[in-house]
Amino acid sequence: MTNSKTRTTTSHWGAFNVTTRDDRIVGVSDFDNDPNPSAISKSLPAAVHHRARVARPSIRKSWLEHGPSHVESRQLRGREEFIELPWDEALDIAAAEIDRVRQTYGNESIYGGSYGWASAGRFHHALGQLHRFLNCTGGYVSSVASYSTAAAQAIIPHVLGMHFLKLMWAEINSWSTIAEHTKTLVMFGGINPKNSQVSMGGVTHHETNSWFEEYQRRGIRLINISPQRTDTPDGADWLAIKPGTDTAMMLALAYVLDKENLLDKDFLSRNTVGYEIFQRYLNGSADGIAKSPHWASEICGIDADTIHHLAHTMAATRTLITVSWSLQRAQHGEQPYWMAATLAAMLGQIGLPGGGIGYGYGAIGGIGISVKRLSGLTFPQLDNPVKTSIPVARIADMLLQPGGTYNFNGQSLTYPDIKMVYWCGGNPFHHHQDLHRLQDAWARPETIIVHEPWWTATALRADIVFPATTSYERHDIGRAQGDSYLFDMPALIPPVGEARDDYDIFAQLAHRAGVADTFTQGRSSEDWLQHMYEDFRSDSQQQGIEVPSFEDLVSKNWVDLPIRSAQFSQIPFEAFRQDPQQSPLQTPSGKIEIFSETIAGFAYEDCPGHPTWMPPSEWLGAERATKYPLHMVSPQPGDKLHSQLECAIADIPGERPTPITLHPSDAAARSIVDGAIIRVFNDRGSCRAKVRISNDILQGVVSLPTGAWFTPTDDGTDTQGNPNTLTRDTGTSQLGQGSSAHSCLVEIENIRP
Ligand SMILES: Nc1nc2c(c(=O)[nH]1)N[C@H]1C(S)=C(S)[C@@H](COP(=O)(O)OP(=O)(O)OC[C@H]3O[C@@H](n4cnc5c(=O)[nH]c(N)nc54)[C@H](O)[C@@H]3O)O[C@H]1N2
Ligand SMILES: Nc1nc2c(c(=O)[nH]1)N[C@H]1C(S)=C(S)[C@@H](COP(=O)(O)OP(=O)(O)OC[C@H]3O[C@@H](n4cnc5c(=O)[nH]c(N)nc54)[C@H](O)[C@@H]3O)O[C@H]1N2
Ligand SMILES: [Mo]
């Protein structure tokens, strides 16, 4: 007798139906209401029941035998077997070790930043669970900002006077406003439906493609300025730009506006400060270099006439400039963000419908979609008594340089001395740059604890690994910002192996630390769900939004709340445009800062007082390009979310190593043929990749998506194709200290005939 059921759940890539038979997931199918469902879930049944699941609590052999103070043992992380233990024994060991580290070194020695996307679901969110637990036991060193948008989060408040995330979620033209008003859509880094497949907590209607169809129907001029044609849906004009050079191109557009008097002087004088200082740089009176189309063309590879013509089109029509997040995940990544805002200010269309500037369209679903904000449905993390934090992408620097000082957005800070790393819901050996350097840094702490459903590269490099359930093995509630749906996420199957929920693992550790009551407040996870839900429901009802009872939601599985509208309630920056005195921005001047006294005051050579073209150390014009002549971009993978579900994809014959896209002439010059397995290398590392030859990429650029599980051979070559074996691990600048993954030069060679 089989017991087959089909129910709906949600994920970061959207809703889907799951069919289970007895205790197994046997199939997935599309959610009917989604016009363009993501195919990511098709790997799910194989991944959830994969042999790479962590079956039982596991402790690394020599750590167990010799204890945490044995220095040599730390070098064996990633190269040593694990001993499986019963839950109670492993929990006792972990609890005693947490206690030892706290007593010996204090809570400032515990790094709990634990960056990562974990899984969807409001309660069982791994990071929130870890942070609450660590806060109950004295706190932890945390991380700020994200790999996604760190440079943007640093620069935008100085320039536009608001938090970057607020700007992106709320002060933005909706897709429908663009359809109605925009005539020219200039997309730096494209707007890629592959990326808008996902959003934190989920996106139920995948609609980027249909908006582009609408824009084409309406005759909107679509311009994709990107090294890859595929960075926008078909139908856009493609200006193939060299990676890392967008600031130079934007400067040249600005130069034409300035020189040919196509600027909105009124807007510049009423709504901005510092144009005159910037203008001296632009026209060359400050440094002897006019930032002309001819000058830019040499740098960015787009011809001068095209730039000149584009500047005229932008000045003559309602133009929206959009910038993808990828542009700021590069050395000096603050600059294109600042320069794009400056260019938009010069056009004077900020505050007009369908004009101005927008960041992050397409980076994730939900951007550009207007949904009424509902508060609540959060699991409280409590206060962190430790105030030390690091910019998230500086983890290896921190581990390698305890006590070292560094600059960050006007502050001079000191790295703490970390003895314990606790990770839950992220995969740094997928996501961090220069993985060999991370591996060296990772050998420093005394103890590393990881909760993971799978034996990822990070779990394999831990000392204590607790098997965590996936979101398909526990009950939760799903809801995301920018989405109108509310989901009951049923426990579809029982936990695989001996996996436990992160909450239960922490509750048991909290019990051993004597803080069970603070952590659980006497609630089971089911109690918490109901408690969080009731708060959310009553808050929503106060805002006039009818939300079903908990039982009702459970029985319905999902509801679509009436909180969507076609447009945001106001045009972004409209009030500020009309009256900057009455509605100032939260910058020191109350206006858009084309020159920032604050930033100039920091005296950072890598982030001066106005937008500036500074050649990165790795780009196609760098000296290093004579040795490593190809620029590698490492975008997000289209077939999955980061490194998640990777084990199932890697099992499909021919899928690994990861495909790398290269231009026919770059392939021909090296006698490389389509489908070949090649070696990608530079002085930081190397990996294998599988060749995909395409005319849709600029010559000189290769594209290797992230997401492979770092699996190096003895000589350090990653067999799976993780681009972070090659990327640089330095901050975007002293201002943002973000990841600069996209600034990376490589060479490639055949390894098989
Ligand atoms: N070269 C290069 N590198 C990059 C980028 C790039 O553009 N180029 N992009 C960067 C960016 S923007 C990001 S956001 C990062 C993404 O990097 P990550 O967010 O670290 O990547 P994920 O693979 O999503 O990692 C989430 C992990 O959580 C685990 N997990 C899922 N659910 C649960 C759970 O319930 N409990 C526990 N304990 N674990 C769970 C998953 O199995 C997975 O291993 O990568 C960054 N790295
Ligand atoms: N399917 C899927 N979607 C995802 C994710 C995923 O893992 N899978 N991850 C999500 C996450 S965490 C994030 S942060 C976002 C990231 O969103 P983005 O940062 O916007 O996306 P990327 O994929 O890194 O890069 C998009 C494109 O930018 C181009 N590019 C790179 N460098 C430059 C440059 O210097 N100039 C110009 N003009 N173009 C450049 C590349 O051709 C690349 O294909 O994606 C999200 N969406
Ligand atoms: Mo991200």
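Predicted model: local features only at pLDDT ≥ 70, side-chain atom pairs only at ≥ 80, totals over all residues.
Me: OK, ligand 1. Which residues come nearest?
Reply: His431, Glu452, Asp502, Ser643 and Asn724, out of 34 residues around ligand 1. A residue counts as near if one of its heavy atoms lies within 4 Å.

Me: Which atom of ligand 1 does His431 sit beside?
Reply: An oxygen atom, 2.6 Å from an N or O atom in the His431 side chain. A polar side-chain atom of Ser119 is 3.2 Å from a nitrogen atom of ligand 1. For Gln636, a polar side-chain atom is 3.4 Å from a nitrogen atom of ligand 1. The cut-off for a polar contact is a pair of N or O atoms within 3.5 Å; within protein, one must be able to donate a hydrogen and the other to accept it, and residues adjacent in sequence count only if both atoms are side-chain atoms.

Me: How much of ligand 1 does the protein cover?
Reply: 99% of the 910 Å² of accessible area that ligand 1 has on its own. Areas come from the Shrake-Rupley method with a 1.4 Å probe; for residues, only the protein chains shown count as cover.

Me: Which elements give two or more residues to that shell?
Reply: α17 (428–431) and β19 (447–452). Helices (H or I, at least four residues) and strands (E, at least two) are DSSP runs, numbered from the N terminus.

Me: And where does ligand 1 lie relative to the domains?
Reply: Between domain 2 (58–146 + 387–547) and domain 4 (623–750), because both give residues to its shell. Domain bounds come from an automatic or database domain assignment.

Me: Now ligand 2. Which residues come nearest there?
Reply: Asn195, Asp231, Gly244, Asp246 and Arg329, of 32 residues around ligand 2. Asp231 has a polar side-chain atom 2.6 Å from an oxygen atom of the ligand. Arg329 has one 2.7 Å from an oxygen atom of ligand 2. Gly189 uses its backbone: an N or O atom there lies 3.3 Å from a nitrogen atom of ligand 2.

Me: How much of ligand 2 is buried, and which domains supply its shell?
Reply: The protein buries 98% of the 920 Å² that ligand 2 exposes when taken alone. Domain 3 (150–362 + 578–602) and domain 4 (623–750) each supply at least three residues.

Me: Switching topic. How many aromatic pairs are there?
Reply: 41. Rings of Phe, Tyr and Trp (its six-membered ring) pair if their centres lie within 6.5 Å; planes under 30 degrees apart count as stacked, over 60 as edge-to-face and the rest as tilted. Phe164 and Tyr359 are one edge-to-face pair, 5.9 Å centre to centre with 65 degrees between the planes. Phe164 is in helix α7 and Tyr359 in strand β13, so this pair ties together parts 195 residues apart in sequence.

Me: Are those two buried or exposed?
Reply: Phe164 is buried at 0% relative accessible area, and Tyr359 is buried at 3%. Buried means under 20%, exposed over 50%, partly exposed in between (1.4 Å probe, protein chains only).

Me: What about Tyr503 and Phe519?
Reply: They are stacked, 5.4 Å centre to centre and 25 degrees between the planes. Tyr503 lies in helix α19 and Phe519 in helix α20, so the pair ties together parts 16 residues apart in sequence. Ring pairs also link both into a cluster whose members include Phe123, Tyr422 and Trp528.

Me: Where does Asn557 lie, and what is its phi?
Reply: In the loop between α22 (550–556) and β23 (558–560). Most residues other than glycine have a negative phi. Asn261 has a positive phi too, near 55 degrees.

Key. Residues numbered from 1 in each chain as written. Chains lettered and ligands numbered in written order. Heavy atoms only, no water.
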